[in-house]
Amino acid sequence: MQSIPQPWKNWVVQNLMQGVAADKILHTMLDKGFAFEPCKRLLGSNLAKDFKWQWDAEFYRKLGQIKLVQLKNGPQLQSVQGTQLYCWPNFLSSEECAGLIALTDAKVRPSELASPTEDKYFRTSSSADLEHSDHPLIDLVNQRIADATGLNPAWGEPIQAQRYQLGQEFKAHTDYFEPGSKEYDRHGGARGQRSWTFMVYLNHECEGGQTEFVRLNRTFLPETGMALIWNNLLADGSVNPYTLHHAHKITAGAKYVITKWYRDRPYQSK
Ligand SMILES: O=C(O)CCC(=O)C(=O)O
Ligand SMILES: [Fe+2]
């Protein structure tokens with residue numbers, strides 16, 4: 001899995017051959033969501049040695065070192081392949097989960113897709129944006145996530161809840177936006193790429209509904225209050241395809257989760 005797809009590599013070479021300045025090529029790539037480090041490697045000596053960019057390897061190394069990584073009795077690292085994936089049982093109490101389920105039921109609408117797909121059964125769940133102003137419980141949960149991660153809340157999207165009823169699922173997808181795609185143009189840009197995902201299961205009164213990281217060979221069964229936390233980016237800032245995951249179909253009951261996605265820039269809603 002290459003961090004810059006071959007067609008984009010060809011595009012870079014063509015531009016260099018036509019005499020386009022390396023820093024101009026670089027800025028186009030950055031605007032399209034490619035990370036600085038792999039672009040810098042690709043451009044090699046064409047780019048001035050002292051070219052500086054805030055979102056460099058050091059930036060993503062720090063972004064990868066969230067607080068929970070350092071907690072001795074905290075969540076456990078679950079995965080291989082250089083992916084940071086943590087599981088944290090009892091992150092929320094069952095009372096807190098029940099409160100969030102009630103808020104979700106009061107607000108749900110059909111879920112949207114970040115990337116267009118021909119498959120209208122790709123994501124069949126319902127979603128609800130749980131805003132700060134909705135209820136003090138949302139503030140409490142946002143605060144707990146901020147305390148647990150040390151991530152600046154300004155870089156987080158509002159919490160979003162998902163409800164899956166019988167037969168509903170979210171097929172294998174990544175939470176990051178594909179660099180170089182229309183999806184990145186629409187959702188990334190000034191608001192940045194998705195970095196960390198902080199997800200909490202709100203119930204386990206269901207069959208099916210497991211979350212499978214299909215390229216990591218890791219599957220999690222819903223457990224009330226348990227958090228799954230993963231970094232969608234690698235240490236050099238490029239997207240991590242190993243984070244591909246599938247929320248399997250519900251075969252009995254219903255499943256509820258909340259998700260907070262973080263960006264790699266301060267997030268401002270449109
Ligand atoms: O419901 C799950 O298990 C995963 C949800 C998810 O992947 C998402 O909302 O992006
Ligand atoms: Fe997801």
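Tryptophan 196 stands opposite asparagine 231 in S11, and this pair belongs to the 5 bridges that join strand S7 (residues 194-201) to strand S11 (residues 227-231) in an antiparallel arrangement. Strands here, like helices, are DSSP runs numbered from the N terminus, with at least two residues (E) for a strand and at least four (H or I) for a helix, and two strands pair if DSSP finds at least two bridges between them. The structure is a predicted model, in which local features need pLDDT of at least 70 and side-chain atom pairs count only at pLDDT 80 or more, whereas totals for chains, interfaces and linings use all residues. Residues are numbered from 1 along each chain as its sequence is written, while chains are lettered from A and ligands numbered from 1 in the order in which they are written.

The protein averages a pLDDT of 92, and 95% of the residues score at least 70, pLDDT being the predictor's confidence in each residue on a scale from 0 to 100. The model scores are ipTM 0.99 and pTM 0.94.

**The sheet of 8 strands**

Strand S7 takes its place in an open sheet of 8 strands, ordered S1-S2-S11-S7-S14-S5-S4-S3 with antiparallel pairing. Strand S1 (76-77) and strand S3 (109-110) stand at the edges with a single partner strand each, so one side of each has no neighbour in the sheet. S7 is also joined to S14, by 6 bridges and again antiparallel. Because 8 of the 8 residues of S7 are buried, this strand is largely enclosed by the rest of the structure; a residue is called buried if 20 or more other C-beta atoms (placed from the backbone) lie within 10 Å of its own, exposed if 12 or fewer do, and partly exposed in between.

Valine 200 lies in strand S7 and counts as buried, with 27 C-beta neighbours inside 10 Å. Leaving aside residues up to four places away in sequence, valine 200 touches Phe91, Leu92, Gly225, Met226, Ala227, Val257 and Ile258, where contact requires C-beta atoms, placed from the backbone, within 7 Å.

| Residue | Partner | Strand of partner |
|---|---|---|
| Tyrosine 201 | Valine 257 | S14 |
| Glutamate 212 | Threonine 219 | S10 |

**The sheet of 4 strands**

A second open sheet has 4 strands in the order S6-S12-S9-S10, with antiparallel pairing. Its edge strands are strand S6 (170-173) and strand S10 (218-220), each of which pairs on one side only. Strand S9 (residues 211-213) and S10 pair in the antiparallel sense over 3 bridges.

The loop between S9 and S10 contains asparagine 217, which has a positive phi of about 60° although it is not a glycine. Asparagine 217 counts as exposed, with 10 C-beta neighbours inside 10 Å.

Around ligand 1 are Gln162, Phe170, Asp175, Thr211, His245, Ala247, Val257 and Thr259, a residue being near the ligand if its C-beta atom, placed from the backbone, lies within 6 Å of it. Strand S12 (245-247) and strand S14 (255-263) are the elements that give two or more residues to this shell. By class, the shell has 3 nonpolar, 4 polar and 1 charged residues, with Ala, Val, Leu, Ile, Met, Phe, Trp, Tyr, Cys and Pro taken as nonpolar, Asp, Glu, Lys and Arg as charged, and the others, Gly among them, as polar.

How values were computed. Two residues are in contact if their C-beta atoms, placed from the backbone, lie within 7 Å.
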